[in-house]
Amino acid sequence: MEGLPTQRQASTGGVLASLAPSSASMGSSANRDQQIEKLLKEVKQLKQRVDVMDKENSALKKSIYELSARYAAAISSSGLNYRAGAALDDAANQGVIAKAQEMISKAVQQAGGDMDALQSGNYDTKESKQFQMRYDLKGHTGAVYTVEFAPNGELLASGSFDKTVRIWESQSSQKELFCLKGHTLNVSDLAWTPDSTNLVSGSFDETCRTWDTQTGKPIATVETEGFVQCVAWDFMDPSVYYYGTSRKKLALVDTRSDAAAITIDNDSMVNTLYASRDGIHVITGDANGLLKVWDMRSRVCISTTNNDQGNMPITHIAIGKRRTDASRRAVDEYDEPRYMAVNSYDNLLRVYDRGMDPPKSALRHVHSLKGFCNRNWPIKSSFYCGSEYNASIVSRPSATTTTQEDIDAASAAGDYLLEMAEPREEKSVLLATGSVDPYAYIYNVGEDRAELMQRLEGHTDHVYTVNFHPTEPILATGSADFTIKIWRPSSRNKKKGLGLV
């Protein structure tokens with residue numbers, strides 16, 4: 001507007017009026033030059049990225065060729081008939097083809113390639129997909145950050161960046177029952193009381209809120225010191241819950257009392273927690289990559305485990321059911337689960353065996369699962385091991401799992417043939433995890449081996465959270481695409497007896 005002459009300026013002389021358009025033109029030209037320079041820089045950066053990707057692609061192709069040659073030599077040395085070219089298409093060699101494709105894919109991944117674990121034909125065919133999407137729950141207007149089935153399995157709760165908590169009927173209608181409003185920032189975590197009547201929600205608005213899930217009414221609000229990262233109810237006392245915050249606090253709240261929460265200072269953000277079934281111990285995962293066991297009676301840390309050497313922040317702890325030898329001791333609700341899965345910021349999902357007397361016994365690292373993406377993103381996981389689904393796994397090396405022995409010495413391609421000659425089945429549990437790509441991943445996890453079972457396709461953005469139903473093979477996934485999806489095994493797989501009883 002300054003470049004346009006006003007009536008007063010026009011009256012004082014025509015010279016200024018004649019210069020104004022010229023000044024506006026100069027300003028417009030300079031602005032255009034800046035935009036062109038910015039675009040040229042962006043084009044240059046994109047070209048550099050394309051060059052890097054071309055180099056990586058060439059290196060990967062070379063690696064595949066070399067591994068293919070090594071694999072062919074391994075097959076020949078084992079006495080199998082290996083022929084390249086069109087001759088491989090005849091029916092007599094279909095078994096060899098399948099094995100070759102599987103071994104090459106696994107060898108490339110184990111050698112360090114960042115290939116999608118599901119490029120193997122084992123996971124791309126419709127026949128092999130054991131879980132299928134059944135329902136799509138819509139209603140949230142922001143990313144779904146947490147989902148949690150009630151212990152009785154009748155309801156599903158979800159928390160979102162839209163600041164709401166929603167309660168869904170999970171048995172037949174899958175309809176939204178309540179939309180709980182009150183938080184003023186993102187809802188970060190949810191937890192049900194053991195009797196499935198109340199819910200606690202934690203939020204970045206520095207509060208925890210409790211809700212009556214039968215009426216949808218709020219019960220109480222507790223102010224916290226820092227963003228609430230995680231919440232969990234005490235297993236023995238339904239009046240007590242715990243929370244962890246971004247300001248390094250682990251806290252205990254007794255809902256029967258008006259007293260302030262009991263807080264314990266940690267040395268970094270408390271990102272996730274699990275309340276043990278003894279009503280005494282709480283396990284936390286923090287921003288320093290440490291797993292800690294706390295005695296809530298004395299309010300002290302009694303053990304610390306480093307999740308990885310790089311001290312990558314831990315984002316979630318998932319605990320699975322324990323399988324107990326019935327001849328030694330009976331299984332009941334108070335028996336501590338055997339396996340613990342830990343999500344962190346390094347594209348690995350570590351699985352620990354918790355020993356005979358968790359959480360007092362030392363953790364033993366048994367698997368590091370790969371194939372999904374979670375670097376620098378808070379992703380959650382969930383175990384399932386119920387009477388409706390008895391999984392099993394063939395014990396052989398897998399490209400989607402790395403044990404400590406695998407790190408020390410990687411197996412050669414020919415070693416896979418020796419393992420496949422005498423496979424051994426073992427009982428396993430299912431472990432699901434979200435991912436930064438728009439997929440959820442399900443693994444079979446056994447004592448000796450773990451393998452990727454399926455990639456669930458359906459979401460269109462990051463999958464932040466997953467949660468298995470407590471008694472049935474049903475999985476809920478929450479995503480940045482604002483939706484919740486419900487998955488369960490197909491009826492075809494039930495008929496084929498793929499672990500369903």
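I searched the whole structure and found 9 aromatic pairs. For this I took the rings of Phe, Tyr and Trp (its six-membered ring) as a pair if their centres lie within 6.5 Å; planes under 30 degrees apart count as stacked, over 60 as edge-to-face and the rest as tilted. A reminder to myself: this is a predicted model, so local features need pLDDT of at least 70 and side-chain atom pairs count only at pLDDT 80 or more, while totals for chains, interfaces and linings use all residues. Residues are numbered from 1 along each chain as its sequence is written, and side-chain values use heavy atoms, with hydrogens and water left out.

**Entry 1: two ring pairs**

I looked up Tyr145 and Phe161, which form a tilted pair, 5.3 Å centre to centre with 40° between the planes. Tyr145 belongs to strand 2, and Phe161 to the loop between strand 3 (155-160) and strand 4; the two are 16 residues apart, so the pair links distant parts of the chain. My strands are DSSP runs of E with at least two residues, and helices are runs of H or I with at least four, all numbered from the N terminus.

I use buried for under 20% relative accessible area, exposed for over 50% and partly exposed for in between (1.4 Å probe, protein chains only).

Next I checked Tyr384 and Phe468, whose ring centres are 5.5 Å apart with planes at 40°, so this pair is tilted. It links distant parts of the chain, with Tyr384 in strand 22 (residues 381-384) and Phe468 in strand 28 (residues 463-468), 84 residues apart. Tyr384 is buried at 3%, and Phe468 is buried at 5%.

I also noted one aromatic cluster, formed by Tyr145, Phe161, Trp377 and Tyr464.

**Entry 2: a charge over a ring**

Which ring does the charged end of Arg455 sit over? I found that of Tyr439, with the charge 4.1 Å from the ring centre. The rule asks for NZ of Lys or CZ of Arg within 6 Å of the ring centre and within 35 degrees of the ring normal.

I followed 4 strands that form an open antiparallel sheet in the order 2-3-4-5. Strand 2 (144-149) and strand 5 (176-180) stand at the edges with a single partner strand each, so one side of each has no neighbour in the sheet. The twist averages 20° from one strand to the next; such angles run from 0 to 180 degrees between N-to-C directions, with axes fitted to C-alpha atoms.

Strand 4 (residues 165-169) and strand 5 run antiparallel and are joined by 4 bridges; two strands pair if DSSP finds at least two bridges between them. Trp168 has Glu176 in strand 5 as its bridge partner.

Where does Lys248 lie? I found Lys248 in the loop between strand 11 (240-245) and strand 12 (249-254). Lys248 has a positive phi of about 65° although it is not a glycine, and it is partly exposed at 40%.

Asn347, also not a glycine, has a positive phi near 65°. I placed Asn347 in the loop between strand 19 (339-344) and strand 20, partly exposed at 23%.

Last, I looked at the cis peptide bond that joins Pro358 and Pro359, with omega about 5°. Pro359 lies in the loop between strand 20 (349-353) and strand 21 (364-369).
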